[in-house]
Amino acid sequence: MSTNLTSDGIIAFIPIIVAATTATLGMLGIAIKRDHFWNTTLMLGGLTLALISSVWAWQYLPTEAVTDLFIVDAHAHFYMLAILIATIACIILAYPYMQSHSGNREELYLLMVLAATGGMVLVCSRHFAGLFIGLELLSIPMYGLAAYSFQRSHSLEAGIKYLLLSAVATAFLLFGMALLYAHTGQLSYAGIEQALQANNSVSTNLVWTGTSMMLVAFAFKLSLVPFHLWTPDVYEGAPAPVTAFLATASKIAVIGALLRFLYTVPALNSEYLREVLAILAGISIIGGNLLALLQTNVKRLLAFSSIAHFGYLLIALVASQQVLVATGIYISAYLLATLTTFGTIAYVSSPYQGTDIEELDRYQGLFWHSPYLATALTVALLSLAGIPLTAGFIGKFYVMFVGVNTAHWWLLGTLVIGTVIGIAYYLRIITTLYVTASSTNQIRLPIGWNHTISGAMLIIIGILVILLGAYPQPLLIIIPSTITNLG
Amino acid sequence: MEFEFYLSSAITLFATIRTITNTNPVHGLLYLIVSLIAVAMIFFIIGAPFVGALEIVVYAGTIMVLFMFVIMMLNLGKDVVKQEQQWTAPDLWLGPGLLSLALLLQLLYAISTGGFHTAAGITNIDVHQVSTTLYGAYLLCVELASLLLLAALVAAYHLGRTTENE
């Protein structure tokens, strides 16, 4: 048992150390002088450095255990990269958005960096202590972020709702861990696995209850039906860049942690658990899509559609075959498309004017006065719908593929039905973009250099969606197919 | 020691239920403090005196007393004296007081008989063991916990500000 921190461990942990240092320096920077531009640049630079160091560490030390609590392997590196990319994109989107925010602006970035650090810790943990602290470090800044523009009652409501419900989910997680610990006497995943194998006691009630309670917490964070009730309100209430962060970085980190938990403790990943996951997947797909169909608010619509997307993703977990490749591709496609959709909302709502532009009819005729943005949004929506030639199609294809291979027919049925419903409401947004606008409620986009940067980023992400849809090979190379399990 | 365990657990449960069902916040907090002390008692019984002491010092001692002060100070007004009298009425502290007394008697009894319940395989985990684990294998967790506190502090600072502008 390697208990203490080694120098290799520190090298493997460099991305997280850099991110944590960025948060500390960012805090000091704010304390020394509040300057929106320089503080943002500092934190953006720190995260970019973390991104580069993550790529470097991946090549230098592909797999390294960092004490008993963490392990930095290909899986961790891939998800860390995804989280860092999402965070950097959200900070870039937040900059023009926050320009005219009354009150303190800089804390938003600080909280985002802290949450990103939490997410990175989460995907590395192979121990309940690491899992818990990572999840909390991800969630606690989220409360502050969701309620960031607290002068608006919607935002405050979002923050409080997320705080309370998330605390309940955390309680479930802790109780589940306690039950598993009571049975096995181990806190590390590998230890639990060994203990469960040793006395062949996977199906005792204690273990089932513990696992189910932990699953409730994960399902809450991934907002799967029936634990999704917070999602639309929080997505709607939170400022648009924060919603983008919540929908991407936060959820990606949690799915990364869930995958590691289930695949380092295969004893728990049994037929029964997969039945439960299948039911969650089925009702999430149907429920999320049906509810999305009824929405006229774009943020709420995308919130429900994200519920459905994690339902699709769970099919890969249920099929339990090539699961890491399928989820990796799906997550990449989801990340890019979601960043573009929420990014567009943030972009057109910048600078912040008290409310976000989120009603669907405000987007009427967006194409006619900002064609590039509307095209990027169209591509992203088509990708979410799973139309061929976009990254979303490759993701759905893989999920479908593993589903067919393992003959989960009824689940595939829900996927098909869900996709059809999905196309209906995604196309509704797309057609809105292209009709000629009534002149009264048109969006007016102010032009400034800062807008151009986030705008250009959205267009680049839009192009990436197409590129990866047409030529997914580079993605397939970097997506890890195994989770290292060191006993 | 089994009887003591069940007694402490019963007090914990009862005090927690009273915390939730009480309509008076100060009353509820008093019960919450008792509940935390009873949990500390359970820690003492199962051989973790350090955690038990921390539970009392940190939760019952610091956080709860802070809560108490905040709630009492938030109500500064004309009828604050009247409220103060209501809050210090005997029927308010009698329940928590009795429960605490039961815990104290139990503690005194346990000290007088001495020793841990070693028969059930319980060993005494002392400060040395806790700290070597905390600053050895769990060192990163300690560091991350400080980041967690930073995040909570920044969020609380931001949300707690009353002025709109600098």
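Author: Start with patches. They are made of residues with over 30% relative accessible area and no salt bridge, like charges being joined within 9 Å and nonpolar side chains (Val, Leu, Ile, Met, Phe, Trp, Tyr) within 5 Å. Accessible areas come from the Shrake-Rupley method with a 1.4 Å probe, and for residues only the protein chains shown count as cover. This is a predicted model, where local features need pLDDT of at least 70, side-chain atom pairs count only at pLDDT 80 or more, and totals for chains, interfaces and linings use all residues. Residues are numbered from 1 along each chain as its sequence is written, chains are lettered from A in the order in which they are written, and side-chain values use heavy atoms, without hydrogens and water.

Reader: Which residues make the nonpolar surface patch?

Author: Trp93(B), Leu94(B), Leu98(B), Leu101(B), Leu104(B), Leu105(B) and Leu108(B) make a patch of about 700 Å². Leu94(B) sits in helix 5 (residues 90–113) of chain B. Helices here are DSSP runs (H or I, at least four residues), numbered from the N terminus.

Reader: Why is Leu94(B) called partly exposed?

Author: Buried means under 20% relative accessible area, exposed over 50%, and partly exposed in between. Leu94(B) has 43%, so Leu94(B) is partly exposed.

Reader: What makes Arg34(A) and Glu107(A) a salt bridge?

Author: The rule asks for a side-chain nitrogen of Lys or Arg within 4 Å of a carboxyl oxygen of Asp or Glu. For Arg34(A) and Glu107(A), the N to O distance is 2.9 Å. The two are 73 residues apart. Glu107(A) has a relative accessible area of 3%, so Glu107(A) is buried. Arg34(A), at 24%, counts as partly exposed.

Reader: How many salt bridges are there over all chains?

Author: The count comes to 9. Another one joins Lys299(A) and Glu358(A), at 3.5 Å. Lys299(A) lies in helix 13 of chain A and Glu358(A) in the loop between helix 14 and helix 15 (366–369), so the pair ties together parts 59 residues apart in sequence. Both residues are buried.

Reader: Why is helix 6 of chain A called roughly antiparallel to helix 11 of chain A?

Author: Axes are lines fitted to C-alpha atoms over the stretch in contact, with angles from 0 to 180 degrees between N-to-C directions. Angles under 35 degrees count as roughly parallel, over 145 as roughly antiparallel, 65 to 115 as roughly perpendicular and the rest as oblique. Helix 6 (residues 128–146) and helix 11 (residues 240–264) of chain A cross at roughly 170°, their axes coming within 11 Å. That makes the pair roughly antiparallel.

Note on methods:
Buried means under 20% relative accessible area, exposed over 50%, partly exposed in between (1.4 Å probe, protein chains only).
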